[in-house]
There are 4 protein chains.
Amino acid sequence: MRKLRIAVIGAGVIGKMHIRNLVKGVEGAELVAVASPSMARHTEWLSGLGVTNQFVDYKDMLARVDVDAVCICSATNTHLDIVRHVASLKKAMFCEKPLDIHFRRSKEIAAIVKDAGVPFQVGFNRRFDAQFNQLHRVVSQGEIGRPQVVKITSREAELPPRGALKSAGNVFIDIHVHDFDMAQYLMGDTIERVYVEGGAIADPSRADEEGFVDTTVITLKFSNGGVGTIDCSLLAVYGHDQLAEVLGSKGLAKINNTAPTTLEISNEQGVTKDKPHFSCLDRYPVSYANELAVFADSVLNGKPVLVGAEDSLRAERLALAADISYREQRPVYVREVN
Amino acid sequence: MRKLRIAVIGAGVIGKMHIRNLVKGVEGAELVAVASPSMARHTEWLSGLGVTNQFVDYKDMLARVDVDAVCICSATNTHLDIVRHVASLKKAMFCEKPLDIHFRRSKEIAAIVKDAGVPFQVGFNRRFDAQFNQLHRVVSQGEIGRPQVVKITSREAELPPRGALKSAGNVFIDIHVHDFDMAQYLMGDTIERVYVEGGAIADPSRADEEGFVDTTVITLKFSNGGVGTIDCSLLAVYGHDQLAEVLGSKGLAKINNTAPTTLEISNEQGVTKDKPHFSCLDRYPVSYANELAVFADSVLNGKPVLVGAEDSLRAERLALAADISYREQRPVYVREVN
Amino acid sequence: MRKLRIAVIGAGVIGKMHIRNLVKGVEGAELVAVASPSMARHTEWLSGLGVTNQFVDYKDMLARVDVDAVCICSATNTHLDIVRHVASLKKAMFCEKPLDIHFRRSKEIAAIVKDAGVPFQVGFNRRFDAQFNQLHRVVSQGEIGRPQVVKITSREAELPPRGALKSAGNVFIDIHVHDFDMAQYLMGDTIERVYVEGGAIADPSRADEEGFVDTTVITLKFSNGGVGTIDCSLLAVYGHDQLAEVLGSKGLAKINNTAPTTLEISNEQGVTKDKPHFSCLDRYPVSYANELAVFADSVLNGKPVLVGAEDSLRAERLALAADISYREQRPVYVREVN
Amino acid sequence: MRKLRIAVIGAGVIGKMHIRNLVKGVEGAELVAVASPSMARHTEWLSGLGVTNQFVDYKDMLARVDVDAVCICSATNTHLDIVRHVASLKKAMFCEKPLDIHFRRSKEIAAIVKDAGVPFQVGFNRRFDAQFNQLHRVVSQGEIGRPQVVKITSREAELPPRGALKSAGNVFIDIHVHDFDMAQYLMGDTIERVYVEGGAIADPSRADEEGFVDTTVITLKFSNGGVGTIDCSLLAVYGHDQLAEVLGSKGLAKINNTAPTTLEISNEQGVTKDKPHFSCLDRYPVSYANELAVFADSVLNGKPVLVGAEDSLRAERLALAADISYREQRPVYVREVN
């Protein structure tokens with residue numbers, strides 16, 4: 001059984017997560033090398049996992065190791081150069097979201113991979129999570145009739161450190177791009193207009209931080225008439241609160257949070273169960289492994305990738321529209337963004 | 001123990017509900033008479049309940065029966081005249097919401113009762129529901145820290161008959177006025193800006209019906225920075241879906257639907273429990289009796305009413321702002337409405 | 001609409017509860033008098049409720065007031081004399097459970113009411129609770145196929161005061177008689193054998209108190225082969241924990257506890273909701289009013305009572321068998337008890 | 001990082017599950033060989049997984065492959081011979097439960113491994129399941145005070161094929177041995193007396209099948225006074241229903257079932273969520289990998305095993321006592337079994 005030989009570029013939090021998954025075992029894939037500009041800091045950890053092919057320079061790695069595909073987890077602003085190089089080598093790519101924080105550069109990436117004709121999957125891992133997957137399945141199979149309203153709750157347990165969001169773009173492009181993708185995926189429709197209310201509400205002391213917004217409510221208008229709302233907070237102290245539902249003409253389909261255990265303690269204070277998981281890494285571990293397995297299957301067996309550059313552009317365009325709406329306090333048509 | 005002698009004006013669905021509650025027993029209150037312009041249709045039902053003081057003309061009733069207070073449940077466009085008359089008699093009033101569908105007339109009502117100095121309570125029954133009440137209590141006592149986001153789901157199980165919404169104003173003033181009141185009550189703050197997306201989404205064939213909107217998402221911006229969302233549908237086939245939550249700096253407080261029973265059946269198809277109650281009458285029965293008991297207590301013991309004409313104006317102003325937002329597709333400041 | 005004229009005998013906790021319900025309004029019934037040997041202690045409370053017909057001697061009351069039916073809530077050991085007297089007057093009776101703590105005397109009561117031919121209902125209120133009622137309905141309608149196993153949890157929030165259980169018989173006859181009745185009612189079958197393990201486990205310091213048992217597990221064998229278990233504790237600090245389920249060939253039907261509200265608070269400690277109600281009075285208020293309304297309907301309209309003396313004997317016989325099993329540490333056939 | 005070199009003996013359902021886990025990756029362990037008397041049927045499957053060391057004869061395997069430990073998953077009646085042989089080689093052993101269906105032989109196994117002084121862990125996987133583990137943790141840390149009552153629900157989704165239970169002993173030794181182990185583990189106490197009611201209730205047509213019992217209620221009396229109940233069914237059509245709770249002096253701790261997803265669909269029929277998982281393989285996958293990882297850690301690092309032969313004897317003795325109780329219809333003291 002042939003396995004896809006994957007090299008990982010980037011060894012930050014997300015890079016490490018993919019590396020760990022590949023070492024533990026992702027169906028159809030194997031890790032063959034890792035490159036990171038700050039490799040000195042990661043070499044001990046990688047060696048402990050048995051990863052011996054370590055490189056500082058990804059070009060060097062790709063020149064010396066036999067690789068089928070690359071998993072791009074480096075800083076977002078490095079994606080374009082890496083994609084251009086890997087595309088020139090005609091290797092398949094799995095790239096973390098967003099493609100870039102500048103839409104022009106994201107479109108450039110999409111054009112490069114289209115021209116190169118290489119498989120290219122983007123890291124919208126929630127599509128590979130059992131809960132979201134099942135929700136999508138029942139909606140798309142018509143179990144709740146015609147979809148009319150989508151609601152998503154997207155809350156993080158703790159605020160990012162000062163400055164973190166700036167390099168990552170902003171909350172819309174860094175975090176809620178997942179929610180924009182999911183909203184369209186669940187409704188089976190595209191969004192034509194967004195409106196955002198929000199601000200530095202959880203931590204008003206950071207209102208001066210460039211681009212800092214910690215709490216928003218995003219209203220969506222879909223092309224076929226449906227509506228939606230995404231409520232977002234970067235400070236839900238009880239955990240990673242990630243809910244989604246679709247109301248249709250024949251009923252409602254809704255997914256709930258998962259938690260570490262089902263334990264419930266009843267005492268004089270009340271009936272208490274576990275908090276939701278703390279972060280996306282705790283909440284979505286299986287989805288991260290699944291997305292790579294599906295990617296491997298696509299590449300090895302010549303199947304179309306399930307979520308590609310065009311899907312990412314669709315979500316990123318919405319993130320930009322949301323940012324404009326927030327700054328200009330008006331509804332913004334997605335077609336305004338180009 | 002003296003009881004407040006209440007006469008009911010109007011014997012429609014809501015009037016009948018209050019009459020039934022008063023006959024079954026509302027603490028501190030007793031029903032002494034009922035007036036309805038279409039009394040002929042109600043006389044048999046009222047006699048069956050033992051209500052013998054029946055009148056076609058409410059002025060006639062108030063002239064002949066010894067009454068402490070009036071419960072106004074007649075058509076909304078009759079409120080103004082009735083209030084003017086009852087105020088001139090210096091009787092206390094419990095009036096169904098909204099005061100009127102025209103804001104100018106609602107303000108007139110508020111001015112009349114203020115001038116008359118009579119107790120005047122408006123039928124925002126949810127404030128007297130155990131769930132909403134407890135939610136308000138924990139939020140206002142600071143159990144979840146500083147409130148940041150309010151979310152309300154407000155769904156009806158079935159569409160109103162064609163034309164019904166027109167005489168009732170529109171969904172914003174007839175139905176969601178409850179949600180506007182609750183959103184401000186829960187946050188302990190006023191809303192300064194609203195934005196609405198929506199349409200005839202559940203039943204597009206009624207898009208031509210004047211003022212018909214069956215599905216909306218309403219975004220709220222509060223004066224002190226908080227945000228909120230109310231999602232509304234007039235066609236949730238599984239029942240009266242009424243949820244509310246407040247996210248604060250120390251946690252989340254949330255209430256769930258109630259259902260007829262806690263029965264749960266597990267079989268080869270899944271694990272199934274009762275649907276939520278079907279309508280507001282099934283969902284909120286206790287709150288309707290409670291609001292009259294609290295009204296009776298206010299009047300009998302000279303306490304201030306808990307929710308008066310000014311509260312209603314605040315909610316009605318929001319309903320108008322929402323209607324403008326929907327029609328003009330732009331965020332509307334509440335201060336624009338006067 | 002004629003109402004059943006009910007006189008209450010006994011004004012202890014349960015008597016007061018029925019009195020309050022009748023004053024608030026029980027469909028088809030009205031309270032006409034109250035008798036209690038310790039009337040001096042209750043007279044102020046009763047007068048406050050507007051109950052003016054107050055008697056020390058129930059015979060006196062029945063001689064002087066026009067009464068259709070009697071609600072017997074006095075000390076259990078007084079039931080026999082009262083029933084004999086009321087039966088001689090040919091009045092209908094609603095009698096609290098158990099008929100007596102001595103099975104011989106309970107049988108005497110059953111014989112008296114049978115001979116007199118008067119309507120006689122026993123206070124198994126849970127049969128009139130929405131949850132248990134719905135559970136019984138789905139099981140008896142075959143929704144879960146052939147019933148095979150019944151499980152009941154029956155826990156009280158706090159230990160009775162020292163000595164209380166002695167006068168009340170013991171836990172089996174005073175408390176779990178409800179569970180024995182329910183187990184047979186739900187399974188639609190009779191129990192032929194019981195086995196009990198238990199002891200003074202929650203409060204071992206009361207092991208010396210005559211008849212004191214605070215924690216038991218009761219195993220049931222039904223005549224048609226089914227089995228069951230009732231787990232009982234008098235010290236569940238989190239509240240009145242009352243669960244029931246029936247496993248059948250096509251699935252499981254199960255009811256859960258009810259709680260004051262549906263509020264749920266999520267914070268750094270966990271996700272906490274309300275405790276179950278504290279006592280039977282909080283948990284079953286509607287059922288207590290319902291059972292009297294159904295009794296009134298039976299008497300007024302000549303319908304058979306839904307739960308009579310024979311049903312009570314069936315449950316009391318099981319309580320005695322359980323007590324023997326507990327004391328002799330062996331399975332006991334119900335037919336051994338006579 | 002050295003890994004424990006494990007050889008698996010037996011390739012039935014459980015053997016295959018352990019093999020699959022070891023191939024996917026169990027921390028600290030690696031699969032080095034598999035032996036099965038019916039290897040011909042498994043060779044293709046094993047080769048597909050990359051397992052090349054395949055043997056018909058386990059002695060042959062142990063003679064030829066460098067092995068640190070053996071995982072014994074063969075038919076229960078072969079355990080004794082295998083354990084004797086492996087013990088003579090001084091290898092560590094992980095052995096599936098029960099040790100044997102004859103208590104005399106189980107004791108022989110325990111004696112052999114004690115004499116040999118080799119690490120020996122028994123397959124009580126539920127101790128390594130997150131839910132049970134957390135329940136045990138909170139109880140043993142005193143969070144619910146002094147434990148008083150333990151309740152376990154142990155239901156399978158489908159009846160075993162005719163004859164299957166006979167070779168496996170009976171339900172008590174084959175299935176409920178898990179529950180006996182868990183009951184004692186959770187209560188931190190030993191059981192001194194058991195009583196069983198039950199029969200061929202789900203499928204009466206198999207009442208004639210030797211040793212066939214599909215439904216039981218097992219009552220437990222603990223040495224320190226606590227009580228417990230285990231209710232068991234081999235036909236819960238809605239899935240693998242595995243609940244456990246401990247009632248203590250300060251509250252209740254309870255675990256619920258897990259299900260494939262958190263999806264909930266609300267429609268005109270009700271509110272429906274996923275059934276519990278179907279079988280132990282679906283319900284406990286992580287626990288099976290965990291138990292091997294913990295075993296590997298014990299052996300590699302010289303730590304005592306967490307659940308050994310003596311624990312298994314304690315559970316098996318209870319299974320025998322239960323079987324006697326069922327057949328003789330009387331409470332049985334565990335000390336009667338030797």
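Between which helix and which strand of chain C is the place of Gln329(C)? The first legend answers this; the views show a predicted model, which scores ipTM 0.95 and pTM 0.96.

**View 1. Gln329(C) in a loop of chain C.** Gln329(C) sits in the loop between helix H12 (309–328) and strand S15 (332–333) of chain C. Although Gln329(C) is not a glycine, its phi is positive, about 50°. Most residues other than glycine have a negative phi. Gln329(C) is partly exposed, because 15 other C-beta atoms lie within 10 Å, and a residue counts as exposed at 12 or fewer and as buried at 20 or more.

**View 2. Lys90(A) in a loop of chain A.** The loop that holds Lys90(A) runs between helix H4 (79–88) and strand S5 (92–95) of chain A. Lys90(A), a residue other than glycine, has a positive phi near 60°. With 9 other C-beta atoms within 10 Å, Lys90(A) is exposed. The mean pLDDT of chain A is 96, and 100% of its residues reach 70 or more.

View 3. Pro98(C) belongs to the loop between strand S5 (92–95) and helix H5 (103–116) of chain C. Pro98(D) is located in the loop between strand S5 (92–95) and helix H5 (103–116) of chain D. Most peptide bonds are trans.

**View 4. Helix H9 of chain D and the residue after it.** Eleven of the eleven residues of helix H9 (residues 177–187) of chain D are buried, so this helix is largely enclosed by the rest of the structure. Among the buried residues of H9(D) are Val177(D), Phe180(D), Tyr185(D) and Met187(D). H9(D) is followed by Gly188(D), which has a positive phi near 60°.

**View 5. The side of chain B that touches chain A.** In this contact, 32 residues of chain B meet 32 residues of chain A. The elements of chain B that give two or more residues to this side are strands S7 (147–155), S8 (191–199), S9 (215–222), S10 (227–233) and S12 (251–255). S10(B) supplies the largest share, five residues. By class, this side of chain B has 13 nonpolar, 13 polar and six charged residues.

**View 6. Chains A and D superposed.**

Technical notes
Residues are numbered from 1 along each chain as its sequence is written. Chains are lettered from A and ligands numbered from 1 in the order in which they are written. This is a predicted model: local features need pLDDT of at least 70, side-chain atom pairs count only at pLDDT 80 or more; totals for chains, interfaces and linings use all residues. Two residues are in contact if their C-beta atoms, placed from the backbone, lie within 7 Å. Helices (H or I, at least four residues) and strands (E, at least two) are DSSP runs, numbered from the N terminus. Ala, Val, Leu, Ile, Met, Phe, Trp, Tyr, Cys and Pro count as nonpolar, Asp, Glu, Lys and Arg as charged, and the others, Gly among them, as polar. pLDDT is the predictor's confidence in each residue, from 0 to 100. Copies are superposed by least squares on the C-alpha atoms of residues with pLDDT of at least 70 in both.
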